Amino acid sequence: MLNTEQMNSRIKRVIFSEDEIKEKIKTVGKQISEEYRDKPLLLISILNGAFVFMADFIRCLDIPCEIAFMCAKSYYSGTVSTGEVNITMDVSQDLSKYHVIIIEDIIDTGRTLRDVAIKLHERNPLSLKIITLLDKPSRRLVELEADISLFTIPDLFVIGYGLDCADYYRNLPYIAEYSEE
């Protein structure tokens, strides 16, 4: 259990402020509202990290939409994927009736999200897009590109705004670099 002093000592520096994040979300929300106006839209948040982003994002939309949550785990042996993705929580909607947008907190290696996107695509949505808050392309191990990335970051371990370290720091209103010192 961390105390407040220990928690604060691990915050190396703020990378994106609360205001910077909100401004980007507002811009993308306007873009998505225009693109999907009068279309059946389903936003799927990948848990646990993307729930904060999803909550703020849907409040920036001025169009009707439905939301769903999904949780997926990939099992890897060392650096080699077994190719298995275990969906521990799935969406119940018939995706063939929706334009689907996956809402993700961060794309790192891309392995799990790529497999989730393939599984959702197999359910024949009207269209499928990925929006990620953070993109870390230098760590990508598979071919995967988000349709919209709000921020691109170098290979740093980041916390805050839904991103965690051992389930702590999700509640920070900004994104910070984590210090292991």
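A pocket here is an open set of grid points with protein on both sides within 12 Å along at least five of seven lines, and its lining residues have an atom within 4 Å of a point. The model described is predicted.

**The largest pocket**

The volume of the largest pocket is about 810 Å³. Its lining counts 28 residues. Glu104, Asp105, Ile106, Asp108 and Thr112 lie nearest the centre. Strand 3 gives the most to this lining, with 5 residues. The table lists the elements that each supply at least two residues of the lining.

| Element | Residues |
|---|---|
| Strand 3 | 66-77 |
| Strand 5 | 99-107 |
| Helix 4 | 111-121 |

By class, the lining holds 13 nonpolar, 6 polar and 9 charged residues.

**Lys136**

Lys136 sits in the loop between strand 6 (127-135) and strand 7 (148-152). Is Lys136 buried or exposed? Lys136 is buried, because its relative accessible area is 5%, and buried means under 20%. Leaving out residues up to four places away in sequence, Lys136 touches Ile106, Ile107, Asp108, Ile153, Pro154, Asp155 and Leu156. Among these contacts, Ile106 and Asp108 also lie nearest the centre of the largest pocket.

**Helix 2**

Helix 2 covers residues 18-35, 18 residues in total. From first C-alpha to last, helix 2 reaches 26 Å, close to the 26 Å expected at 1.5 Å a residue. Ile21, Ile25, Val28, Gly29, Ile32 and Ser33 are buried in helix 2. They cover an arc of only 140° around the axis, so they fall on the same side of helix 2. Asp19, Lys30 and Glu34 are exposed on the other side.

Key
Residues numbered from 1 in each chain as written. Predicted model: local features only at pLDDT ≥ 70, side-chain atom pairs only at ≥ 80, totals over all residues. Heavy atoms only, no water. 1 Å grid on protein atoms, 1.4 Å probe; cavity = no way out; pocket = protein on both sides within 12 Å on 5 of 7 lines; lining within 4 Å. Points joined across faces, edges and corners; volume = space filled by probe spheres on them. Helix = DSSP H or I, 4+ residues; strand = E, 2+ residues; numbered from the N terminus. Nonpolar A, V, L, I, M, F, W, Y, C, P; charged D, E, K, R; others polar. Expected span 1.5 Å × (residues − 1). Buried < 20%, exposed > 50% of the residue type's maximum accessible area, 1.4 Å probe, protein only. Arc of directions from axis to C-beta. Contact = heavy atoms within 4.5 Å.
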